[in-house]
Structure formats: structure tokens, C-alpha cells
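Trainee: I would like to go through the spaces and one loop of this model. Please take the questions one at a time.

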Amino acid sequence: MPDELVGAGQPPGASAPLKDAISLCMSGGGYRAMVFHLGALLRLNEVGYLGKLDRISSVSGGSITAGVLALHWNELGVTPDAPAPRFSIVMDEVRKLAGKTIDVESILKGLLLPGSVSSKVQADYDAELFHGATLQDLPDSPTFVINATSVQSAVLFRFTKRYMADYRVGIVNRPRLPLAAAVAASSAFPPVLSPAVIDFQKYNCVFEPGSGMDLEKEPFTSHAVLTDGGVYDNLGLETVWKTYRTVLVSDGGGHIAPEGEPHHDWLLHGYRILDLVDNQVRSLRKRQLIASYQSGDRSGTYWGIRTDISNYEVNSLPCPADQTLRLAELPTRLKALSQAEQECLINWGYAVTDAALRAHVIPGLALPAGFPFARGCRL
């Protein structure tokens with residue numbers, strides 16, 4: 001059984017000793033998070049940390065960026081301690097998708113044509129980014145873990161090159177599932193883009209006998225009904241938490257605003273409740289992470305799209321909080337972002353990652369000469 005599944009669903013302490021290696025988690029948050037993470041990856045690459053990563057765990061919008069990074073990993077020229085000279089491949093591919101709205105079109109097609117909304121999103125991902133690639137086209141190292149949530153078993157469903165698994169149902173070794181299907185499941189935002197249904201027989205996915213727990217049986221072994229990975233864990237922490245001592249977290253997730261007169265109709269009221277649940281899950285995960293840093297149980301750092309960069313107490317690129325909060329309030333959608341919005345999100349992800357690294361991971365690291373794009377963080 002993979003290390004990260006040992007003790008899954010059990011109390012802390014049930015798993016093996018933590019591994020002295022570096023993991024990166026990339027949160028959900030639609031296109032906003034997808035592009036924010038580009039800036040984070042760009043700075044990690046510049047300081048030679050991209051090649052140090054042993055595992056990259058992602059959910060939702062973060063999984064779109066992770067999927068592109070994974071698919072092109074071997075052509076980037078990544079080496080430990082040195083920047084990858086061809087990182088612009090990832091930047092260009094993700095930005096191409098960021099300029100296209102796919103959620104509204106997919107919803108309309110799902111309502112009017114055969115097939116689900118999620119299957120339409122999957123088709124767009126494949127056409128724009130993945131071009132028929134499967135999980136077997138991912139690199140052997142680092143391990144990329146794309147996370148969705150099982151609506152059937154109520155736990156995390158993980159996709160990697162080596163396996164895909166729901167610890168209650170079991171493990172499928174070396175799955176040839178389309179990469180677009182895994183990313184679409186991870187980013188199946190409820191209620192409109194959810195669920196994503198995966199027919200295991202269609203992709204010749206057979207569970208290893210005896211690899212599951214209480215749900216290794218039909219219908220769980222014939223198909224998976226999945227929703228956004230952020231429903232279970234919007235930071236992508238779960239698949240690194242019991243394995244890694246050094247955890248870097250890039251959080252492009254949203255924030256629920258106060259609402260004095262919330263809707264009473266079942267649809268909009270239900271949507272508001274989903275946002276409340278999501279906000280609480282994210283808050284609890286973040287508290288768990290920060291407490292672990294403070295106790296010394298783990299090293300690393302957290303940076304978020306809603307972070308006030310002055311809190312790191314280091315010299316930083318100019319990122320006034322009123323400007324960065326405007327970026328944080330961009331909607332959680334698969335809706336086209338303007339060139340200005342993309343550049344500002346990349347700049348902000350780049351700057352806040354740099355400040356977090358210099359404050360908590362690489363003391364003495366020089367402040368970068370400037371932003372990747374001249375406009376800074378001002379929309």
C-alpha cells in the first residue's frame with residue numbers, strides 16, 4: 001500500500017515517521033487560483049526549489065496548473081537546485097486556458113446535449129491542455145497527486161501515475177485514465193459542475209483484490225461518483241500530511257463574505273451553505289498547518305491570495321493589501337480572465353511566495369529585482 005494511504009482515515013500517529021523531503025500543496029479556487037499558482041511556481045523555479053519537490057498535491061483549480069506542470073515536466077529541464085530553463089511552457093499553456101470561459105458553455109451543453117456537465121469540462125481540458133494524455137504520461141518523480149472527493153464513500157479519491165485510490169474501496173495500479181478526467185473530477189465545483197462520474201470498466205481499471213476496506217464491493221468498484229477535491233480538503237494537505245516533514249502550501253482559495261440578507265430560496269440558500277462549509281473546512285486545515293509549523297512538527301511555509309504581505313516582516317515587492325484583496329475577490333469560476341487580471345495574479349503569487357520563502361524557508365535570499373510583469377498588482 002502506498003505510504004500516504006497507510007493509516008488513512010485513522011487518528012494522527014497511525015502512519016509511518018515523516019519523510020525528510022519537500023512537498024507542495026496547491027489549493028482550489030477556479031481560474032483565480034490556477035493563475036495565482038503560476039506566480040508561485042515561477043518563484044519556486046527561480047530559487048531552485050522546483051527540482052527539490054518530492055510530491056505535488058493539488059485540488060480543483062490547483063489541479064489544472066499541476067496537470068499542465070506534470071505533463072510537461074520532463075521537457076522543462078528541471079534539476080535539483082537549478083531553475084528549469086523552459087518553465088515558460090507551463091506559463092503559456094495555463095494562460096491559454098485562462099483566456100477562455102468554459103464553465104457556462106459546459107453547463108449549457110450538459111443541460112441540452114447528451115452527457116454530463118463534467119464530461120464537457122473534461123473535453124475542454126483535453127482539447128486545450130492534455131491532448132489525450134493519461135496518468136501514465138506523468139513523470140515518475142516528483143509524485144503528482146490530483147485529489148477529488150468521493151460522493152459515495154465521503155473520503156478523498158486520489159489520482160497518481162502509480163495508482164488511483166479510495167482507501168475504503170481499494171487501489172487501481174498503473175491506471176490509464178485520461179489526465180483530463182482526473183483534473184475534471186478534481187475541479188467539479190458543486191453544484192453546477194458536479195458530479196464527475198468515472199466508469200472504471202471503460203478505462204480497464206480493476207481494483208487490486210484485498211486493497212480496500214469496508215467498501216471493496218459493487219457498485220463502488222464499478223464506477224466513482226466524484227466532486228471537487230476542495231469539498232474534502234481545499235488546501236490539498238491530506239495526501240502529504242502523514243508523509244512529509246516539509247510542507248509548502250499555495251492557497252488561491254476564496255473567502256466567504258458576510259451577507260446581511262441571505263437568500264431564502266432553496267437554490268441560492270443552498271449555494272450559500274456550501275460556501276459556509278467550504279470556508280470552515282479551509283479554515284480548519286489552515287489552523288492545523290500553522291499550528292504544526294509553530295510547534296516544530298513540520299517546516300515549510302504557507303502563502304495565500306488573501307495574505308497581507310507585510311505580515312512576513314521582510315522587505316518585499318510592493319503589494320498593497322487593498323490591491324491584492326481585489327485579486328482575491330475575483331470569482332471562483334472557469335471564466336476567462338483578462339490579460340491584466342492574469343498578469344496581476346501571477347505577480348501577486350510570485351511576490352507573496354517570495355516573501356514567505358525568505359521569511360521561513362530560505363533566510364538571506366535576495367529580493368527579486370521586480371515583478372514578472374510591469375503592472376504590479378494593480379488592476
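Trainee: How much space lies in the second largest pocket?

Mentor: This is a predicted model, in which local features need pLDDT of at least 70 and side-chain atom pairs count only at pLDDT 80 or more, while totals for chains, interfaces and linings use all residues. Residues are numbered from 1 along each chain as its sequence is written, and side-chain values use heavy atoms, with hydrogens and water left out. On a 1 Å grid over the protein atoms alone, a pocket is an open set of points with protein on both sides within 12 Å along at least five of seven lines, and a cavity is a set where a 1.4 Å probe fits but cannot get out. Points are joined across faces, edges and corners, and the space filled by probe spheres set on them comes, for the second largest pocket, to about 560 Å³.

Trainee: Which element gives the largest share of the lining of that second largest pocket?

Mentor: A lining residue has an atom within 4 Å of a point, and the second largest pocket has 22 of them. Helices (H or I, at least four residues) and strands (E, at least two) are DSSP runs, numbered from the N terminus. Both α9 (266-295) and β10 (299-304) supply at least two lining residues, but the largest share, seven residues, comes from α9.

Trainee: How many residues of the lining of the largest cavity are charged?

Mentor: The largest cavity, with a volume of about 40 Å³, has a lining that includes Ser150, Phe157 and Asp166. Ala, Val, Leu, Ile, Met, Phe, Trp, Tyr, Cys and Pro count as nonpolar, Asp, Glu, Lys and Arg as charged, and the others, Gly among them, as polar. The lining divides into six nonpolar residues, two polar and, as for charged, one.

Trainee: Is leucine 193 buried or exposed?

Mentor: Leucine 193 is in the loop between α6 (179-186) and β7 (196-199). Its contacts (heavy atoms within 4.5 Å), not counting residues up to four places away in sequence, include Asp103, Val121 and Leu334. Buried means under 20% relative accessible area, exposed over 50%, and partly exposed in between (1.4 Å probe, protein chains only). Leucine 193 has a relative accessible area of 2%, so leucine 193 is buried.

Trainee: What is the bridge partner of aspartate 199 in β8?

Mentor: Two strands pair if DSSP finds at least two bridges between them. Four bridges join β7 to β8 (residues 223-228), and the two run antiparallel. In β8, the partner of aspartate 199 is histidine 223.
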